[in-house]
Amino acid sequence: MEYNLYINGASVPTATHMDIFNPATGELLGKCPVAGREELDAAVAAAAQAFKSWSKVSNEDRKAACHAIGKLLEDNAEELAKLLTQEQGKPLNGVGSRFELGGCQAWTHFTADLELPVEVIQDNEEGRVELHRKPIGVVGSITPWNWPLMIAIWHVIPALRTGNTVVIKPSPYTPLSTLRMIELISGILPKGVLNVISGRDDLGQMMSEHEDIHKIIFTGSCATGEKIMASAAPTLKRLTLELGGNDAGIVLPDVDAKAIAEGLFWGSFINGGQTCAALKRLYVHADVYDDVCAALTEFARNIPMGNGLDENMIMGPVQNEMQYNKVRDLVEDAVAGGARVLLGANPEEGTGYFYPLTILADVSDGTRIVDEEQFGPALPIIKYTDVNDAIARANASDNGLGGSIWSNDIEQAKALASRLECGSAWINKHGMIQPNVPFGGVKGSGIGVEFGVDGLKEYTTIQAVFT
Ligand code: NAD
């Protein structure tokens, strides 16, 4: 099936397409339109034109429009979930496509109800000062391939809610589900308010450089984040950058290994490990090291992996060959360096990018799989004896997205968590996010936050009004 762009309320075909394959079967799923400068200019011009009226729509009407989008996502959830599974690989069930569509709805409705009222910061005999929040203009959204629909919603809804208009570009690995979702949503909005274009990576660069795009919201790798910041500099765009992570989890000696195994598993292997804030390095105290390794391996051993359209599957393939090769290389490098394979590590030849759930023990810092973001279903477990040393090792990273402490002593765990250099710190869990809590990275993991009132503010400029 040939997909189209959606610009200014109309379906727009392109001269060239690229093939999109199902990562579980290798079968052709659809043909993605490849947009260039001309289509980008048309989408930006439509968004700029629509901004003139959308920015003046009343707060209540914009709120209602966002709720209508939430309802539309609910009505079309099953169609979108099936397309997402075929394109991204994640299963329908488990923490898969249906879960992702549920997240899209929840975030949309929650964000619809957020308010940014006028703030009075002074009102006395010397005068009154009010802070008004205004929309920025045309927002360019650039998304990755791991949670394509949820991340698109995270970008689009707060932008629309605050009166901006949007041009969104999905990842070239997973464009079709976004093209379809945005086509559906655009259909219930005034034309030009929300536009979708797809193409290759250079289209993202063109967006970052475009003089009529006023803000870029980007989720993706650190390397691309750096490029966007450089491309956006000459036009002084507002930027929110949600970048990569290499989250550490630290297990203290007082835990019950069996009780935390499930939490550790999902913290690490959610979406096959292809999640920015997944647990990617696990530091375990020597006293409980063998028990934690055994309990986690036992839990992971029973998770079924296969074609995500099969209702019995809980885990799908890696999304693409590039990432599959990266995970395989990092695991091979660790094993060559002396890592002990507790589970997985030997992918079978065959159709689809299925890499087995892999757990490696006796790995140390300095090994590539510890120092780099693997972004796949392989977890290194590192032994430590001194918790201060473990904290120092957790912080010895350019990234700072999330981190976790696992202990029965909650107060001690919180004290240690406060020493982690990261945007989100969890106790006895990892990776939990919610629409009312700001989420973002420190250090090389990004700039700015998403979600909640703080996230909403990033789509506005402040005007101080003095009387
Ligand atoms: P990526 O950086 O390769 O691609 C992301 C998007 O950027 C794609 O749409 C791509 O076409 C576009 N792009 C590529 N080059 C560009 C350029 N020069 N200018 C503008 N756009 C360009 O990332 P990915 O591989 O799709 O995603 C995985 C990465 O995303 C991981 O590092 C992961 O940790 C990170 N991520 C972060 C968060 C977060 O919230 N912090 C969430 C999900 C994923």
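At what angle do α5 and helix α6 (residues 175-186) pack, and how far apart are their axes? The angle is about 40 degrees, and the axes lie 9 Å apart. Here axes are lines fitted to C-alpha atoms, for helices over the stretch in contact, and angles run from 0 to 180 degrees between N-to-C directions. Helices (H or I, at least four residues) and strands (E, at least two) are DSSP runs, numbered from the N terminus.

This is a predicted model, in which local features need pLDDT of at least 70 and side-chain atom pairs count only at pLDDT 80 or more, while totals for chains, interfaces and linings use all residues. Residues are numbered from 1 along each chain as its sequence is written, and side-chain values use heavy atoms, with hydrogens and water left out.

**Helix packing**

α5 and α6 are therefore oblique to each other; angles under 35 degrees count as roughly parallel, over 145 as roughly antiparallel, 65 to 115 as roughly perpendicular and the rest as oblique. α5 passes α6 in a right-handed crossing, meaning that the near helix is turned clockwise from the far one by less than a right angle. For α7 and α8, the packing angle is about 40 degrees and the axes are 7 Å apart. That makes α7 oblique to α8, and their crossing is right-handed.

**Pockets**

A pocket is an open set of points on a 1 Å grid over the protein atoms alone, where a 1.4 Å probe fits, with protein on both sides within 12 Å along at least five of seven lines; lining residues have an atom within 4 Å of a point. A volume is the space filled by probe spheres set on the points.

| Pocket | Volume | Lining |
|---|---|---|
| Largest | about 890 Å³ | 35 residues |

W145, F218, G220, S221 and T224 lie nearest the centre of the largest pocket. Its lining draws at least two residues from each of α7 (201-209), β10 (215-219), α8 (222-232) and α11 (321-336), and α8 supplies the largest share, six residues. The lining of the largest pocket comprises 14 nonpolar, 13 polar and eight charged residues. Because domain 1 (5-243 + 442-466) and domain 2 (247-427) both contribute to this lining, the largest pocket lies between them; the domain bounds come from an automatic or database assignment.

The lining of the second largest pocket divides into 14 nonpolar, seven polar and one charged residue.

Technical notes:
Nonpolar A, V, L, I, M, F, W, Y, C, P; charged D, E, K, R; others polar.
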